[in-house]
Every structure is written in C-alpha cells, then in structure tokens.
Amino acid sequence: MTAIVLAAAVGALFALGTFLLLRRDLIRVVWGLAIISQAANVYLLAMGGIAPATADSVPVLAGHGDHVPETADPLVQALVLTAIVIGFGMTAFALVLSYRVYEEHDTLDVTELGDRE
Amino acid sequence: MRTTARAIVPIVLVVAISLFVEGHNLPGGGFIGGVLTVTAFGIVYMAFGLDFLERGVLGREVDPGKGPSRDRVVLAYRRLFAYGFAIAVVSGLAPLVFERPFLTQTFVMLEGVPIYDHLEVASALAFDFGVYCVVVGGLLTILSVVGAE
Amino acid sequence: MSPDLAVVVAAVALPFVAAALTPLVFRVFGERTGFLGTAVALASFGLLATQYGTEGSVALEWIPSLNVALRFYVDGWALLFAMLATGIGALVFTYSPAYMHGQAGLPRYYAALLAFMGSIVGVALAADLIAIFLFWELTSLASFVLIGYYTADDSSQYAARMAMFITVGGGLFLLVGLLLLSIVAGDVLGPGAAFDLATMLENPDTMRSALRERGLFIPVLGLLAIGAGTKSAQVPVHFWLPNAMAAPTPVSAFLHSATMVKVGVYFIGRVRPMLVGEEWLFLFATLGLTTMTVCAIMAVAATDIKELLAYSTASHLGLMVAGFGFTSVYGAETGVFHLLNHALFKAALFLVAGIVAHEAGTREIEELGGLRHDLPVTAAITGVVALSMAGIPPFNGFYSKELLFEAAVEASHHHEIGVLGWLYPAVAVFGSIFTVLYSLRFLSLFVGERPDALGHVHRPPVSLLAPPAVLALLAAAVSVDPQRAVDLIVQSGLEATAVDPHAMHVGLPTSYSTPVGMSAVTIGAGVLAYPAYGRIHDGVRAGLEAVPPIRANWWYDRVVEGLSDEGRAFAEWVHNGHLRTYATWTLAATCALALTGFVAAGAIVPTTMGLEVTVPIALVLLVAVIGAVAVARADTHIAGILTLSILGFMIAIFYILASAPDLALTQLVVETLVLVIFLLVVEEIPERYEIEVGRVARDAALSVAVGATVFVTILVTTDARPDGPTEIARAYAEQAVPGGGGTNIVNVTLVDFRGFDTLGELAVIALASISILTLIVMRGRGDASPAGDDGSRADSTDDGPTADAGTDGGPSGGEDA
C-alpha cells in the first residue's frame, strides 16, 4: 500500500508536469519542467530506499570511529543534490530565455511562435 | 525590511560559511554554503537595491549617469565563478603532480588549533571551495542580471 | 627479414604530416608546392624501397584493451601497391603545378592529394581490420574533396557527392564484413588475433572452415565484395567513376586510374588466400567479366576523352577482379601483373589526356585529330601506352591479358562449372574486342588529318611531358623484358595473393595454344571492326538514350531524388515548429515503449512492496500533489509561482523525512531563489492566459498516460530493488572517514569519490550563467555599452540579431572556464 502512495504521488506529479508542458504559455511550460525535475528527484531518492528518519540513518557519521551504521544511500543523495542545483540553473536559464523570447517576439504563445518560422 | 535585512544578512552569511567549512563532517558543503550565500546577497539586493550592493560590498564608485550599473557587478561575479572553476580544476590537477589520478583527495590533521582543538584539513576543501565559488558566482550572476531588468 | 617499424610508420605518416603543413608551405612556395609534394612522395617511396624483400608484421599499440593496434604488414603485394601509389604520386605532383597554374584553392588541393597518398599507403600496409577501414574511408574522403575541387561547379559537386555516397556506403558494408571476420577470428585464433589480418592470412584454412561452420562464409564474402566492388567501380555501381572525371585531370590520373579505385582490387587480392573457393570464382569472375565487357562497350560510346578513359579504367578493373576471381595461379598472376601494367599505361594516358585538354582546349573526341603534328612527343608516348592498353603484342598489356585468357580457360579444369566453362573465355574475348576498339580510337586522336576547326595547339612544358614520358618508358621497359619485371616485382606480389604460387614465366608465345588463339581473335576482330567504329558508337548511344533504365546512373538519380524528397516531406510533417507536437510524440512514444517493454518482460506483477513509506511522508507527498494541481489550475502567473514553491517546500520536507539533511537544506534555499527569480522575471511579463479548450482533453489524456507509465515504472523498479544498502553505498559509507577524511558521506562523495561528476556539474552552472549573461547583457540594445574587458565582445554583437548573441553563450563559456 505504501509504495503505491509514493508511486501515485510521483505519477501524479509527472502527469501534472506533462499537462503544463503542453500548454501554450511558455512560462507554464517552464513550470512543467520544474515540476517534472522535482518529481524525478523524489523518484531517484526513493530508489535509494527511504529509511525512517532516525539518528543512525542520516548519512553523517557520528565520529571518526570504526562503527559505520546502516545509513540511507549517500550516493543517491549526492546525485540528487547535484540534480537540484543543475535543475535550478536550468530553470533559471529557461526563464530568462522565455523573457528574451517575449522581448523579441512580444508573445509567449508557443504555437504562435512555432507558426512564425 | 531594511532593519531585518541588517540583522539577518550577517547571520545568514556566517551560517553559510560555517556550513561550507563544516560541510565535510556535518550537513553542508560547497553547494549549500554557496546557495545560502547567494540568498544573503539576494536579501541585500531586495532590501537596498543593486547600487548599494555595489557601493557597499564591492567598494566601488557608482557613476549615476551611467544608467543601470549592473555590468560591473556582473563582471565581479563572473570573475568569481571563473576563478572558482579554475580552483576546482587546479585542485583536481594537483594530484597529477604526485602521480595520483585526477581529483584524488587526501587530508591532514592539524592539532592544537584554537577553538577546534584539532582540525582536519582535507584537500577536498580546496575543491569544495571551487564549488562554492562557482555556485556563488554563477547564481549571483543570474540573480543580478535578472534583477537588473 | 622482418620490416622496420619506424621506417614503415614514417612512410605512412610522412604524407599526412606534409598535408597538415601544406597551408604554411604554400605561403612560402606558392604554386611550386607541387614539387615539394614530389619530394614527399619520393621520400615515402624511398622509405618503402628500403623495405623491399622484407616480410612480416610490425605493430604500434593503439587501443590495447580492445586488441586494436596500428599494425602494419609488409610483403610483396603491399609494397607493390604502396610503391605504385607513391611513385605515381611523385609524377602527379610534378605534373600538377603546370596543369593547375592559376587555380584558386591550391593549398586544399595539395593537402588533399598528400593526405590521399598517405591513406593509400596506409591501406596497403595496414594489417589491422580497424586501421584498414579507417584508411579506406580516408581515401574516400580525400577523393570527395578532390572531385569536388571546383566548388562553384554543380556537376563537380554532384559527382563528388555521388562518389562519396557510393564509396563510403560500400565502406560500411566492408566494415560489417570486417567485424564478422574479427568475431570469427577472435573465436578461432584467440582474442589477440581478433583484428589482426596478418594472423588470419597465416591460417587461411582454419579461418575458412570456421567461417563455413558458422554459416558466415557467404555473408562475409558478399559484404567484402560489395565494399571492394563499390570502391573499384564494378557493375552495377560503376557509374560513379566516369562522373568523378569532373575532378582535375592529375587527380583523375592519380586517384581514378592508378590508386584509389585499385584499393578494392588490392583488397580482393589481399583476402584471396583466405576466402578463395568455388563461391569466390562465381562471384568475382562473373562480376569482373561483366564489368569488363559493359564498361568497354560504354567506353566505345564515350564522346569525351576523359570519359573514354574512365570507362576503360572501370573495364580494366573488371579485368583485374576477374583475374583474382579465377582460382588458378594464372588468376593471381593476371591480377597482380595487370595491376602494375594498368597503373603504368592508364596513368600515362590520363596525363596525356590532360595535356591534350590543356593545350588544345577541348576534350571532345570528335573535334580532335592529327595531333602528332603539334604534339610529337605526346604522340609517341600515346603510341606505347595505347597499344599496351589494347593488349597488342609485344606491349606489356598483352602479357597480362594473355594470362587472363589462360585463367579463364583453366577455370573449367579446376571446377565443375558447366556452361560457364566456355562462357567465361567467350565473354573475356568479347569484352577485349571493345578494348582494342577504344584504344585504337584514342590513338587516332594523334594520327590522320587535323580538323580545321581545331585552333592553335601549344607545346606543353617539360613538367607536363616528363611524368607521362617516365611512365611510358617504364611501360616500354616492361614490354621489352617482361620477365625481369615479373622477377623483380610481380613474383613477390603473387606469393601473397596466390594459394599455390610457383615461379612465374611470361614472354611472347612461341607456339600455338588456346589463349594465343583468343588473343589473335581479339586483335583481329578489333582491327577489322574499327572502320565501323562510328556506327557502333552511335548504336550504343542510341540504345542508352532510348531506354534510360539500362543506365545505372538513372537509377541512382531516381533513388537519391526520391529519398531526398521523401525526407523533406517527412521533416516538414514531423518538424512543424510546434513544441507541443514534439513533446506529444516524444512522450507518447516513450510511454508506449516503456509499457510495451514491461509487458513483454512480464514485469507487471508487483507481488511485494519494496518500500516502506510512513504516514508523514504520504501526507507531505499528498500536499505536494495538491500544490501541483493548484499550479496547473492557477489563473495568474503569480498564483502559479507561489503554489509552485509550496510544492518545492513540500519536497524539502520529504527530504528531511527521508533522512537527507543536505538535500533538504539545498532544496529549501534553492526554492527560495527560484521563487525570487520567477517573480523578478514574471513582473516584466504582462498577464496573458489563453488556452484552446479543444486541446485540453488530448493533453489531459497524454498526461494521464505519462503519469500511469511513471506509476507502473516505480512499482516495477521498487519491486526489483535489492534489499538493504547497495554495495557501493556500503563502500562509500565505510570509506568516508579513512578515505575522504569527512563524516558527511554525501559531501565526501561529492567532492572526493565522485569529484569528476561535480566538476561537470560546475561546468553546467557556469554555462547557464554565461548563457543568461549573454542573453541579457549582450543583446545589443545600443544603450550604455558594457564596461570592462567584455566591452569589445559586447560591441561586436551590438548590431547582430539577438538570437546570435544567445548562441555565442556556449563558446564564450568555454573560454572563461
């Protein structure tokens, strides 16, 4: 049941992102991208296993001793951390691009832009 | 708003830097420190405007007749991330001198440092500093450029 | 005696180095660069000559992990071909400066010619399958540049494209054939020999039986034949060669008569010991004889002297292929000896054709005649080489043609081939009659009456005359004492290509035998039919024009035009400029593929749940989804942005609950920044909201499909996830303190274990920043010009359209980094 909740949530996020991606308004397309990348991050992290939040599961070791507790998958976390920052860069770039498109063409309607070619 | 900013910005900056330095051992690191620093600058920008940032923080004279003064700020940011990238690459190249693979890291223990008693200085810190610089420089560039519009 | 690696590598590398230096050299020496090319060719020739008599392979490590090495194999056959290429190369370089006088783009010409020469030497000497393929395609590339030398001329471009299309296309067949060969060799001869042609050739019987066992013999033979056939202009793809005559004449002489087109023949000879058999006979003898006859007839129909020579070249290539096709030792003798003879007389003929075209100003056969008065030396040269081409005794072409007849007759003694036993010799004779005809026609340019319409003919300079003269003298030398040439050159080539080589003897026939009779018939019929040349010429032309589908060129045009029209129509249909079209098709296709894959693999049976999700997490995710719904339903941009950050903060909380404090911190801060930037941008853009209602249903359907796919994917993948932490996670956790000196495993992973990935990510951030910078700051509004060191760059884009400034972002990012 619980995995279904996660799957349903991520699936719903993807669906909504896709819906926004297909809108004619360029800004909404950017939102769609942002939502999809967030959902993908969640999915990635979930693949590493979601440990119940306890002191041991946080991938920060208590000290320099030999004891290495069972932690959440640190590799996935590093991956997602990178993905977040890149996602931010991408979103910002897409936004500025949209802004410039608006400045140049005076419209944000994707269909109209496509027809102008 | 300005009062709050005066109080908050130094705290945020200190937290950011401590996050960066402690990042190797506690939650934090170059990314988070960098992004938080950018937030601090963002607050300054929103509270006081870009000109203040340039005069106050970078210590430059602003020529009021020159219109938007974004370009010099941007230039400073751009330098920052160019240097940051260079630091990251150079720190990665350094192990090559010792005939180790690219980006090999190591660390040394410094004993008897005040406050910390003993401090680990990992060579990864240099790389992390590069990360920090790139994130700060890059994101600030974005922020200031967009903000200047 | 084994060859010297350094010398061999130097011989191959020298032309390439020279090609790279050509633009510099040309600044100093101008049009005299050609003579330096001669020096390079002679140096390579000399280096190769020092290896005369050696045999064996030498290797330079290249990709050791794949067993690919830059391996060279030196033997008589390789040396013969490589030295032909460099020798004729030297003559062509000597010829070029006078011929190409005053043309533009000469550095390109000389560089391509040098690179071409290096590639040919490379093909000849390479013993590694990958290296062979690379050099093989390099010759095609160089040929493309050289055929398309007259860049402003449409026919030149058409011919270049055609040659490229056919030879490179054929090369791909060759590549597949070589890979099959390497797979089999890797199995049979050990992984070290997977790409080593020399080892394969040392174990021909093992390879042959292994290929047959796996049922790969016929496919490999066929693929290699397609590769070699396209390169050597065999029917039905012979038509690119006459078109390639759009190239400057020295190029035609070098590439399209003496060397490049012979690469196919050379390669057939190279693999002959390994693949020879009954199928080999049927394939290559039939292919070669067909090409020989068809192209000889086409040559008779030619109206242009270069066209005549081009078809004749294809015809002679057919002769060589047929020679190698016959499995007896005479076959190999034909192939090797004719390769040498043909290079001597055909290169000379092309150079003569160049002289005629250059000095008389026309290449039309009808307009030329009686040139012996104006060009006496050229006429003498032509006499020797044209009669050699015709195969008239005692000229050198006679000996190799006689060997072909002998091989054709012998074929029925070695194999049960039924009616082909007499068809092969008959076709060989029939085709050769046409060879005699067009050779005499070419010679007739120099005899008879001078047409009145022909203007003044200049005397050619020495540098134009010397190269064909050298070739004619060599041809004459071989004619006078063929046995010496055989002993010196052909015998060692024969040993590499024949299955059962023995000492070879040639000479003028002293008594009657079947081949002698065939030669007599050929020459007699040719001479008798010559007076009717005009009628044969007209008849063939009329036939070709009446039924265009007979011509392979017609098919080529139809196919290429059809494909490009179809391609254009398809591109317009798919590439209609609408983002939603692209997104729809991409997403729908991805979903369909993923779901089909799951169904096909029978993966959709979630029996156990791999993940435990606690109630708080479920709640947080629920809020996130509600946020997303709100975003999708938002009326205004501002509302959308604010709800979008609700989603973001919920995700941050999810990270906290999933024991990822670093992520949560980053996500929180990034979300704040995204909010700020969105607001800053949106504030500039007026509110607009219009949606075609009709499309909502379709979009919603697609969205649901995507969502469902993701849903299924997650269920399937979490189900397949291994229990507990993965090995790599375990290793990172344990190594964090001793290896990285930090207790924050995530950070240690980022900056230490996976530092290279992080570096790449930094590059992405830097690029994004620079792109944004370029988009906004350098858009060239003409207002306050940017200060500082980026002023010049900004100024330079001032007048340009903004879209260009955007694309500048990438390269400038590279500089700054």
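pLDDT is the predictor's confidence in each residue, from 0 to 100. This model is predicted, and chain B averages a pLDDT of 62, while chain A averages 75. Chain C has 33 helices and two strands. The largest nonpolar core has 216 residues, and helix 15 of chain C supplies the largest share of this core.

**Confidence in chain B**
- In chain B, 33% of the residues score at least 70.
- Confidence in this chain is highest in helix 2 (residues 30–48), at a mean of 73.
- Strand 1 (residues 107–113) of chain B has the lowest confidence, at a mean of 45.

**Chain A**
- Chain A has four helices and zero strands. From the N terminus on, its elements run α-α-α-α.
- Buried residues account for 61% of the 117 residues of chain A.
- Take the contacts in chain A between residues at least 6 apart in sequence: 53% of them join residues at least 24 apart.
- A pLDDT of at least 70 is reached by 73% of the residues in chain A.
- Helix 2 (residues 26–47) of chain A has the highest confidence in the chain, at a mean of 85. Helix 4 (residues 110–116) of chain A has the lowest, at 70.

**Chain C and the nonpolar cores**
- Of the 817 residues in chain C, 52% are buried.
- Among contacts in chain C with a separation of 6 or more, 77% are between residues 24 or more positions apart.
- In the largest nonpolar core, the residues with the most contacts inside it are C:L125, C:L146 and C:A348.
- Helix 15 (residues 329–360) of chain C gives this core 20 residues.
- Another core, of 115 residues, lies apart from the largest one. Its members include A:I84, C:L644, C:I651 and C:L680.
- In soluble globular proteins, nonpolar side chains tend to be buried together.
- Beyond its neighbours within four places in sequence, C:A348 is in contact with C:I381, C:V385, C:P468, C:L471, C:A472 and C:A475.

**The loop at C:H373**
- C:H373 lies in the loop between helix 15 and helix 16 (376–390) of chain C.
- C:H373 is exposed because it has 10 other C-beta atoms within 10 Å, and the cut-off for exposed is 12 or fewer.
- C:V457 is 84 residues from C:H373 along the chain. Their C-alpha atoms are separated by 9.6 Å.

**Helix 25 of chain C**
- Helix 25 (residues 615–633) of chain C has 19 residues. At 1.5 Å a residue it should span 27 Å, and its end C-alpha atoms are 27 Å apart, so the two agree.
- The buried residues of helix 25 of chain C are C:I617, C:V620, C:L621, C:A624, C:V625, C:G627, C:A628, C:V631 and C:A632.
- Seen down the axis of helix 25 of chain C, these buried residues fall within an arc of 155 degrees, so they line one face of the helix.
- An α-helix has 3.6 residues a turn, so residues three or four places apart point the same way.
- C:V615 and C:R633 are exposed, on the other side of helix 25 of chain C.

Key: Residues are numbered from 1 along each chain as its sequence is written. Chains are lettered from A and ligands numbered from 1 in the order in which they are written. This is a predicted model: local features need pLDDT of at least 70, side-chain atom pairs count only at pLDDT 80 or more; totals for chains, interfaces and linings use all residues. A nonpolar core is a set of buried Ala, Val, Leu, Ile, Met, Phe, Trp, Tyr and Cys residues joined through C-beta atoms within 7 Å. A residue is buried if 20 or more other C-beta atoms lie within 10 Å of its own, exposed if 12 or fewer, and partly exposed in between; C-beta atoms are placed from the backbone. Two residues are in contact if their C-beta atoms, placed from the backbone, lie within 7 Å. The expected span of a helix is 1.5 Å times one less than its number of residues. The arc is that of the directions from the helix axis to the C-beta atoms.
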